[in-house]
Amino acid sequence: MSTTPVDNSRRRFLTIATSVVGGVGVAGAAVPFIASWNPSAKAKAAGADIEVDISKIEPGQLLRVEWRSKPVWIVRRTPEILAELEKDEDKLKDPNSDEEQQPEVAHNRYRSIKEEYLVLVGICTHLGCSPGYLKDGAFEEIVEGVPDGFFCPCHGSHFDMAGRVFEGSPAPTNLVVPPYYYIDDNTLLIGSEEGAA
């Protein structure tokens, strides 16, 4: 039997040092593991709200942005375009937007919060193609007497300047209005409604 005295302070130091080194090792292994649970930057960007500066959009101009990997159109409508919306309602499948394709704040003739600005997901509700914007009389080749609108060349769906689908189109419903609100007079936030948590 050994008669060497036990050095408790040395034993305590080794126990503490071993515990600290072990703790650092566990933390070092846990950080990347826990970080892997977070969505990637690409996934965050795909679902994130986007801010859009609308201050430089000219009357009649369409601005394209991307939100959740989808094209979103913002059109600054002229007084003439707005006047056309009421005139052509007898030619539409769902002129009152009874089919819920827009947030409640945009459930009106203009399908927008502010009449002047139209915000739409630029994907046809028929088979997911992207319609083109025809203006300054070019749309009259598609719908007589209607100078501006959206036309999907894939299967011939056509929409007015509120994104409402015309009778005779293969598209079953109006174009989708995404959730959005105005941060200020010149900035839109697409992806959320005002006051949403």
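Arginine 64 lies in strand β2, where helices (H or I, at least four residues) and strands (E, at least two) are DSSP runs numbered from the N terminus. At 54% relative accessibility, arginine 64 counts as exposed, on a scale where buried means under 20% relative accessible area, exposed over 50% and partly exposed in between (1.4 Å probe, protein chains only). Leaving aside neighbours within four places in sequence, arginine 64 is in contact with Val72 and Trp73, contact meaning heavy atoms within 4.5 Å. Arginine 64 and isoleucine 74 are 10 residues apart in sequence, and their C-alpha atoms are 6.5 Å apart in space.

This is a predicted model, in which local features need pLDDT of at least 70 and side-chain atom pairs count only at pLDDT 80 or more, whereas totals for chains, interfaces and linings use all residues. Residues are numbered from 1 along each chain as its sequence is written, and side-chain values use heavy atoms, with hydrogens and water left out.

The loop between β2 and β3 holds arginine 68 and also serine 69. Most residues other than glycine have a negative phi. Arginine 68, however, has a positive phi of about 50°, and serine 69 likewise has a positive phi, near 65°. Arginine 68 is partly exposed at 39% relative accessibility, while serine 69 is exposed, with a relative accessible area of 57%.

## Overall architecture

The protein chain has 3 helices and 9 strands, and along the sequence these follow the pattern α-α-β-β-β-α-β-β-β-β-β-β. Of its 197 residues, 36% count as buried. The chain exposes about 11600 Å², of which carbon and sulfur atoms supply 55%; these areas come from the Shrake-Rupley method with a 1.4 Å probe, and for residues only the protein chains shown count as cover. Among contacts with a separation of 6 or more, 57% are between residues 24 or more positions apart.

Not counting residues up to four places away in sequence, isoleucine 190 touches a set of residues including Val65, Trp67, Val72, Ile74 and Val119.

## The three-stranded sheet

An open sheet of 3 strands has the order β5-β6-β7, with antiparallel pairing; two strands pair if DSSP finds at least two bridges between them. Because β5 (132–134) and β7 (157–159) stand at the edges, each with a single partner strand, one side of each is left without a neighbour in the sheet. The antiparallel strands β5 and β6 are joined by 3 bridges, and leucine 134 stands opposite glycine 149 in β6.

## Glutamate 89

Glutamate 89 is placed in the loop between α3 and β4 and is buried, with a relative accessible area of 17%.
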